[in-house]
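Here are my notes, as promised. Have the model open in your viewer while you go through them.

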Amino acid sequence: IVYSLLGEHHHAQAPGAAAEAEEKRGVMRSMWRERVRGVQRDVEVWQGLLAVRSLVLPMTEESDTWSKFASLLQKSGRVRQSYRTLQQLLKYDPLLITDNQQP
């Protein structure tokens, strides 16, 4: 799977029209979502898959997948890593926000 994703990443970086590149990104997003649904619920597998995926798509464009990964981390006993993943996704630390502050 990782080699396939790297190949797709290479094709996404090829020169071309912006509209064509965005269309390819949309196709890749859909394809990757299907792949994530098909892989085992194992932290190591998801971590590798998302590491490759993040080369092309930022976390914010795949927030559902990253939220599921954070949940998987928590269920696996990796609470700190889950928290850090959510912090990166939110782009702030919710524990540092007071009632008077907004992110």
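1. Ground rules. This is a predicted model: local features need pLDDT of at least 70, side-chain atom pairs count only at pLDDT 80 or more, and totals for chains, interfaces and linings use all residues. Residues are numbered from 1 along each chain as its sequence is written, and side-chain values use heavy atoms, with hydrogens and water left out.

2. Salt bridge tally. You'll find seven salt bridges in the structure, taking a salt bridge as a side-chain nitrogen of Lys or Arg within 4 Å of a carboxyl oxygen of Asp or Glu.

3. Glutamate 20 and lysine 24 are joined by a salt bridge at 3.6 Å, N to O. Both sit in helix α2 (residues 18-38), four residues apart, about one turn of the helix; helices here are DSSP runs (H or I, at least four residues), numbered from the N terminus. An α-helix has 3.6 residues a turn, so residues three or four places apart point the same way. Glutamate 20 is partly exposed at 43% relative accessibility, and lysine 24 is partly exposed at 35%. For the cut-offs, buried means under 20% relative accessible area, exposed over 50%, and partly exposed in between (1.4 Å probe, protein chains only).

4. A pair across the sequence. Arginine 78 and glutamate 44 form a salt bridge whose closest N and O atoms are 2.5 Å apart. Arginine 78 is in the loop between α4 (63-75) and α5 (79-90), while glutamate 44 is in helix α3 (residues 43-53), so this pair ties together parts 34 residues apart in sequence. Arginine 78 has a relative accessible area of 29% and is partly exposed; glutamate 44, at 47%, is partly exposed too.

5. Buried or exposed, for the pair glutamate 62 and arginine 53? Glutamate 62 is buried at 2% relative accessibility, and arginine 53 is buried at 3%. Their side chains meet in a salt bridge of 3.0 Å, N to O.

6. Helix α5. Its twelve residues reach 16 Å from first C-alpha to last, close to the 16 Å expected at 1.5 Å a residue (the expected span is 1.5 Å times one less than the number of residues). The buried residues of α5 are Gln81, Ser82, Thr85 and Leu89. They cover an arc of only 105 degrees around the axis, which puts them on the same side of α5; the arc is that of the directions from the helix axis to the C-beta atoms. After α5 comes lysine 91, with a positive phi near 70 degrees.

Terms used: Helix = DSSP H or I, 4+ residues; strand = E, 2+ residues; numbered from the N terminus.
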